[in-house]
Amino acid sequence: MSEGTLPEWLTEEDDGSVTVSFKDMKRKPEIDGTEVSELRMREPSVMDQLAQEKKHRNKGDAEIALIANLTEQSPDAIQGLKMKQYNRCAVALAFFQSD
């Protein structure tokens, strides 16, 4: 995925992080009882990826833990997202794994 093909709800920041926007969604995520219009995800290091893979045998659990770590949210908060909301976070994570 190149910068030209980023969805309009995903913004690459100058520091290498990305901002995932939920502003266009009818239902925005709620984290700790607060409606969230966007999440910022820092760029992962190889160590971030390896640490989650070692800690979690299940690929899905490892992905949730990695997204939680990169967005500074709890794994429970990420698991509580609706699938459309979670899919945006998964796309953002995949952005970091592309050239």
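Analyst: Ser21 has its place in strand 2, strands being DSSP runs of E with at least two residues, numbered from the N terminus. The model is a predicted one, in which local features need pLDDT of at least 70 and side-chain atom pairs count only at pLDDT 80 or more, while totals for chains, interfaces and linings use all residues. Residues are numbered from 1 along each chain as its sequence is written, and side-chain values use heavy atoms, with hydrogens and water left out.

Ser21 counts as buried because its relative accessibility is 15%; buried means under 20% relative accessible area, exposed over 50%, and partly exposed in between, with a 1.4 Å probe and protein chains only. Not counting residues up to four places away in sequence, Ser21 touches Trp9, Ser37, Glu38 and Arg88, where contact means heavy atoms within 4.5 Å. A polar atom of the Ser21 side chain lies 3.2 Å from the backbone nitrogen of Lys23.

Lys23 also has its backbone oxygen 3.5 Å from a polar atom of the Lys28 side chain. For Lys28, a side-chain polar atom lies 2.9 Å from the backbone oxygen of Met25. Lys28 is in the loop between strand 2 (18–21) and strand 3 (30–31). With 23% relative accessibility, Lys28 counts as partly exposed. Leaving aside neighbours within four places in sequence, Lys28 is in contact with Phe22, Lys23, Glu35, Val36 and Gln85. Ser45 is 17 residues from Lys28 along the chain, and their C-alpha atoms are separated by 28 Å.

Technical notes
Helix = DSSP H or I, 4+ residues; strand = E, 2+ residues; numbered from the N terminus. Polar contact = N/O pair within 3.5 Å; in protein donor to acceptor, adjacent residues only side chain to side chain.
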